[in-house]
Amino acid sequence: MSTAHAEHEHHGAPSGLSRWLFTTNHKDIGTLYLWFALAMLFIGGSFAMVIRLELIQPGMQWVDPDFFNSMTTMHGLIMVFGAIMPAFVGLANWLVPMMIGAPDMALPRMNNWSFWILPFAGTMLLSTMFMEGGGPNFGWTFYAPLSTTFAPASTDFFIFAVHMLGFSSIMGSINIIATIMNMRAPGMTLMKMPLFVWTWLITAFLLIAVMPVLAGAVTMMLTDRNFGTSFFDAAGGGDPVLFQHVFWFFGHPEVYIMILPAFGVVSQIIPTFARKRLFGYSSMVYATASIAFLSFIVWAHHMFTVGMPVAGELFFLYATVLIAVPTGVKVFNWVATMWQGSLTFELPMKWALAFVILFTIGGFSGLMLGIAPVDFQYHDTYFVVAHFHYVLVTGALFSIIAAVYYWLPKWTGHMYSESLGNWHFWTSVIFVNITFFPQHFLGLAGMPRRVPDYNAAFADFNFMSSIGAFGFGLAQLLFLALIIKCIKGGEKATDQVWEGAEGLEWEIPSPAPYHTFAEAPEVK
Amino acid sequence: MSVRKLKQAVMMLFSSVLVMTSSHAWATEISSLNLRQGVTEVSRNAYSLHMIVLWICVAIGVVVFGAMIYSMFAHRKSKGAVAASFHESHKVEVLWTVIPFIILIALAIPATKNLLLIEDASNSDMTVKVTGYQWKWSYEYMDGDAEGVKFFSALDKASNDARAMNSGIDVSKVDNYLLDVDNALVIPTGKKVRFLITSNDVIHSWWVPDFGFKKDAIPGYINEAWTHVDQPGTYRGQCTELCGKDHGFMPVVVIAKEEGEYKKWAAAKKSEADAAAAAASSDKTWSKAELMAKGANVYGSSCAACHQANGEGTGPFPALKGSPLATADSAAGHIDIVVNGSKTNPLMAAYGAQLNDLDLAAVITYERNSWGNEASIVQPKDVKAAR
């Protein structure tokens, strides 16, 4: 009995495939999430390459318009549901228990299940591309009736894939909330939690609130398509605009689900490399909560052109531009954290600073888009494409990359290759701007989004954008090489890793042992 | 900074922006860098509001990024910078909550004014009904000189030929590639024209950048929009809501003509429509050659987008070449699917609502006798009987 107990106390990671299939360890599950997200990043990225290949010059050269539409659709879906969201859940799995001094997640078996749903959902979603009639081709926003009456047969598989992704997200969120609310080490009060934990707590509530709404939307699609209902079919007394309201009631909080944890990551990194405490901790928490609240009352700014009553348009205009206030507070606080710090520019810091500048540019175009009478010009043009890629690529994705660089030494016990990392950073930053900045001009000049071909007047900027996209895509192979190299070996990382790093995760050994905080640490 | 100083700063910024925008009165061709000013009050308002927000963003960007970049150089550890210990200041937090708030209110005022202007379609002089179809527009004049005139407006032939996969045509040599139509909407200058916008199938969006607005065309809804153009000219735009395969190939072209010219156009269009209607409803029996010639045109504008010029179809759109329906001895099934649409596949629309009997007879005849198909020809009276 006593030997069994001792073994239980000290066992390391089991070996083989079953380690990963049956794992309930938060670090293993975090790793699985992150690898899954990276795989999806490359798959979704390859779809983007197809899009940019067709758009490199005017005229139809490579893919037919239907396939082009399914590329834009799958690119969006895979990146949102396959890459960005799982990557953040992976980070939460790895870091939340380590940051609050908990031995593991509160619900480890459910944790296993929430991950293992993903590969099946992702495979089902991708398999639609090989079905008769082609994959989903109605955009990642899948507006009815294009996605119901007029959609290919594979849409039903898309619907079930979305259901499964929703289950996974909801279970993941419940787990994160349960962990943060119940498993904090003694002394770790809410207002002492690292900001990454705070942002994920709020994000998890957003997810629980809106994923069921998405599930409702796709379920109504399913019954419209197969069981004769007419929720979204005007011919049967239904309402196509209802779909958009329901979708964006999910969709707007969804975009904050993808950016709030990013705020958290950057709020961890900047103080470390400024060697100075985060400026305005409590205002950061309140700003995050305000953004989360506002995210529920701005959804129809995605729908200014559907013909809402003018009072509605005014409400959504005012509410939308109001988001600039708490978002501004965050940016100002990051700058104030740097101010009079003692700055060094290791790679996590480089990525975090690129995030602050480029995300702010995305925020500016967001403010412009919120002004309804001008949105009538910007709406559904490449200006919008530029905007959301600045917030999602140079925003969300950059923060994820920053996080990987920041915590990789803690995860693997090795420092990454500095030179490979520098190459990755500089090529990414240059190419990402070559890709997306010209898209502002394309949109202003009048190029609609989701078109496979265009007038020669748009040729130059499209060419630039395509070259940038190929460069940015290739640059991510450096990231893959760097990660593999870092796992295999490298300079030994210290426990603290970074000179200015503070927090519980930096007090445990590098690499982090399979089980940490079996006894809760004391937080002063 | 006191509130008065801030006010002054904002006012200065605004006035300098206004000076800049008013001195840039360039023409309406596609500008490669910026939003165009357009030709209506609404579009000019949108442009100046766009410039105001843009410059506010630039100003904020200069301050924020300036501070950041200064800090990145001045507060480096390598230069011996030692971290200060401050990490909180309620005063500063309040300041940078309140200042953006004031800027937003200053922005909201002109935005509200413009929005109220755009949404006020009252007191219009005439009304045009705009209906989106996969993948073309239909325009119907509800009143005025052209009352009753109704026509479809689809991608013009030159663009349509050039956009075929690997067509071998240099699209930079095609005039207004993807921005030209076979039948443009014509409106009079100096009149407030109201548009009633709806759709026959999926959601489309009707946009002419020079007019300064876009409005979705939604099945089951009739949306309202308006414009008032003073300058005669040709104004081009595109569908801006993903509407299926050929979303990128349904441009909007509006020609604004002076009133006299417009009246002439309306009269001509009316008599043309009368003649076409008379021809379609006459009991004349048409020869195969006549039907084939007419059918080739109709096929090109209504069918080739999906079934392809070579009749071989693509993706979910079946081939007509050698199809049992198009080669059957009896044309009844073929006429039925073209006139009434497919019962099983919503992608095949009911063309009975879009084309007259003659055009339908011609295109069905064409499909039955092209690409190696050899089957009976169809007369307008056969179509009429099948309706």
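Biologist: In this predicted model, two residues are in contact if their C-beta atoms, placed from the backbone, lie within 7 Å. Leaving aside its neighbours within four places in sequence, which residues is Y221(B) in contact with?

Modeller: Y221(B) is found in a loop of chain B, between strand 7 (213-217) and strand 8 (223-228). With neighbours within four places in sequence left aside, the contacts of Y221(B) are V241(A), G307(A) and T198(B).

Biologist: Is Y221(B) buried, partly exposed or exposed?

Modeller: A residue needs 20 or more other C-beta atoms within 10 Å to be buried, and 12 or fewer to be exposed. Y221(B) has 17 C-beta neighbours inside 10 Å, so Y221(B) counts as partly exposed.

Biologist: Which element gives the most to the side of chain A that touches chain B?

Modeller: The contact takes 82 residues from chain A and 84 residues from chain B. Elements giving two or more residues to the chain A side include helix 4 (65-100), helix 8 (240-257) and helix 12 (324-338) of chain A. With eight residues, the one that gives the most is helix 12 of chain A.

Biologist: Are helix 12 of chain A and helix 2 of chain B roughly parallel or roughly antiparallel?

Modeller: The axes of helix 12 of chain A and helix 2 (residues 41-74) of chain B come within 9 Å and cross at roughly 20°. Angles under 35 degrees count as roughly parallel. The two helices, helix 12 of chain A and helix 2 of chain B, are therefore roughly parallel.

Biologist: How many nonpolar, polar and charged residues does the contact of helix 12 of chain A with helix 2 of chain B have?

Modeller: From helix 12 of chain A come V331(A), V335(A) and M338(A), which meet V64(B), A67(B), M68(B) and S71(B) in helix 2 of chain B. By class, this contact has six nonpolar, one polar and no charged residues.

Biologist: Which element gives the largest share of the side of domain 2 of chain B that touches domain 3 of chain B?

Modeller: Chain B is divided into domain 1 (3-118), domain 2 (126-279) and domain 3 (282-386). In the contact, 13 residues of domain 2 of chain B meet nine residues of domain 3 of chain B. The largest share on the domain 2 side, four residues, comes from helix 5 (residues 259-281) of chain B.

Definitions and conventions
Residues are numbered from 1 along each chain as its sequence is written. Chains are lettered from A and ligands numbered from 1 in the order in which they are written. This is a predicted model: local features need pLDDT of at least 70, side-chain atom pairs count only at pLDDT 80 or more; totals for chains, interfaces and linings use all residues. Domain bounds come from an automatic or database domain assignment. Axes are lines fitted to C-alpha atoms, for helices over the stretch in contact, and angles run from 0 to 180 degrees between N-to-C directions. Angles under 35 degrees count as roughly parallel, over 145 as roughly antiparallel, 65 to 115 as roughly perpendicular and the rest as oblique. Ala, Val, Leu, Ile, Met, Phe, Trp, Tyr, Cys and Pro count as nonpolar, Asp, Glu, Lys and Arg as charged, and the others, Gly among them, as polar.
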